[in-house]
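Here is a short briefing for a first look. Please keep the sequence and the 3D view open while you read.

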Amino acid sequence: MSEIESTLSIREQSMAALITRRFFKHKLAGVAIAVLALLVLFSVLADLTPYEPTEQNPTQMFQKSSLQHWFGTDELGRDVFTRILYGGRVSLSVGLISTFLSISLGVLVGALSGYFGGWIDSALMRITDAFLTFPTIFVLILLGAFLREQQLYILQNSVFVVIIIIAALSWMWPARLVRGLFLVLREKEFVSASRALGGSSARIILRHILPNCIGPILVSGTLQMASAIITESGLSYLGFGVQPPTPTWGSILSTAQNQVFRAPWLAFYPGLMIFITVMSINYIGDGLRDAFDPYVIHTE
Amino acid sequence: MRTYALRRLLQTVPILFIISILLFLMVRAAPGGPLTAARRNPNISKEQLEAIEEQLGLNDPLPVQYGRWLGGMLNGDLGESIKFRRPVSEMISERVPNTLILVGASFLVTLLFAIPIGILSARKPYSPFDYTMTTVTFVGQAIPVYWLGLGLIVIFYVTIKNPFTGDPLFPVGGMNSRGREGDLLDTLWHLILPVTALSLGWIAWYSRFLRSSMLDVLHEDYIRTARAKGLADRWVYYKHALRNAILPLVTLIALDLPSLFAGALFVETIFSWPGMGRLFWDAAKGRDYPVLLGVVMLTAILIIVCNIIADLAYGWLNPQVKYE
């Protein structure tokens, strides 16, 4: 084989492999994946620390960082490092699950709206607009306060309540995005071809249009997840999210605030965790955007 | 344009209608309802309680009650606070100016920093300045406003003291020091930390947006024309490019308003700023539903109005836009 031939021959690659390769070209995105994986791993392995997240020790109040207590202890002598790991479990799962719900609902609404158009589109978009005018944080607090007072058993679980209300107030952005994509894609030749061959609407939506939207949907998923984590922490920080004794990064920060004069360092770690997580997710979103954008050329 | 504005206003009526029904059902479903205190009182007999219910119209069918509630609201009557026994509209209107001062000041600071940063980054993309700003803005966007606020308190109130007097460097509670109410300079002094906490994320977000918007515009043909005819760089950037690049920013700002108020709520809570957000938080802790609903309804209306203004402003700034 001549030199020219070997240069010209192109190795065949699957789409997934191509996207993955392009993703890791974005070096910070690669780092961010590693950091996030580490955070998840630590949270999963939280049981391995010698303390319990709610275990109080009155003789060990307000310890600074040491070998026994990596992040020190709080006003009840609880180990902050342990609490942060358990808090990470809650904060990360709330972020992940509420994002999944909000994206699912958003894709459903956006797909129906964009594909069928007409009165379905008008009706769904009016509802979307109505939700967009909600002053989100106010409504979240109102719902957080209100739902927990109801007698329903399932509403006694504050983690569940927070997941539902965050998803219920954030599906509008993916819905608009997906609708826009569908409006463009439904006019494409491959859709007409499928229709001419007798493809049903469901088949066209699921097999032909939706796979072409994966990139933007994933990117918007990262944005949603970052904002869901910030929202959950904020709600818990204000006292209307996940309720004590379950630790989350937001509620740990909130108790730290009360001790800001005695132990100002307590406020540092929970906020740092939120910050690192959100930062990593944002970089991953950035990497995904580049990976799915055929026009981005990476300089090696 | 006037008909367009009018139509947009009319379109918001059904939205407000839906919101108001949801809110009304919530007040009604609130545990205990408005008679909780009366029910607990052993001196009030069952007959008296029923009489009160009849008098307040709590036995009427729900739609009738809703009509009465809506009618009251249209007349500016948002009901009475359960906790303070004061008209909600009065309590809110006391707080609105304070929130507007905080949000307005933060907004001004945001534009003051974001626009120059955005322009300079776009003028020399991928320069050291641009890279530094990219990193800074990524950090700025990921810092939660409540953590930043708390951090500012720890640094500038708890840790660093004024070397001459030993007092904290900046005040962190309320709008004025004791005995200096109405003193504008003192209020500005109190504004510094809250405004810093509120604007940092916004500066990051808008400078980023303006940068990419500028870069888009700079690829346009008319920019090349302007350059080709020998126009000074300064004119190309500030007159031709900026005017067009800033257009999408107007819409973005209007759409972002809810989150601006959300940020204000956190900042007001942390810094005890006596605004609407703080009022809302206090009311939420005490489950004072009439106050909560009043604030939600008012902010919803505010957001809708701002969206319409943004649409109109966009058309005013961009003559290509035609209102049908």
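How many residues does the contact take from chain A and from chain B? The contact takes 33 residues from chain A and 36 residues from chain B. Two residues are in contact if their C-beta atoms, placed from the backbone, lie within 7 Å.

This is a predicted model, in which local features need pLDDT of at least 70, side-chain atom pairs count only at pLDDT 80 or more, and totals for chains, interfaces and linings use all residues. Residues are numbered from 1 along each chain as its sequence is written, while chains are lettered from A and ligands numbered from 1 in the order in which they are written.

**The side of chain A that touches chain B**

- Helix H5 (118-132), helix H6 (136-148), helix H11 (214-238), helix H12 (249-258) and helix H13 (268-292) of chain A each supply at least two residues of this side.
- H6(A) gives the most, with eight residues.
- By residue type, this side divides into 23 nonpolar, eight polar and two charged.
- Nonpolar means Ala, Val, Leu, Ile, Met, Phe, Trp, Tyr, Cys and Pro; charged means Asp, Glu, Lys and Arg; the others, Gly among them, are polar.

**Chain A overall**

- Chain A has 13 helices and zero strands.
- Helices (H or I, at least four residues) and strands (E, at least two) are DSSP runs, numbered from the N terminus.
- The C-alpha trace of chain A spans about 75 × 60 × 30 Å along its principal axes.
- Chain A has 300 residues, and 42% of them count as buried.
- A residue is buried if 20 or more other C-beta atoms lie within 10 Å of its own, exposed if 12 or fewer, and partly exposed in between; C-beta atoms are placed from the backbone.
- Take the contacts in chain A between residues at least 6 apart in sequence: 69% join residues at least 24 apart.

- A:Ala123 is in helix H5 of chain A.
- A:Ala123 counts as exposed because it has 12 C-beta neighbours inside 10 Å.
- A:Ser113 is ten residues from A:Ala123 in sequence, and their C-alpha atoms are 8.6 Å apart.
- B:Arg208 sits in helix H8 (residues 184-218) of chain B.
- B:Arg208 has 20 other C-beta atoms within 10 Å, so B:Arg208 is buried.
- B:Arg208 and B:Thr137 are 71 residues apart along the chain, with 7.1 Å between their C-alpha atoms.

**Confidence**

- The model scores ipTM 0.84 and pTM 0.86.
- Chain B has a mean pLDDT of 82, and 93% of its residues reach 70 or more.
- pLDDT is the predictor's confidence in each residue, from 0 to 100.
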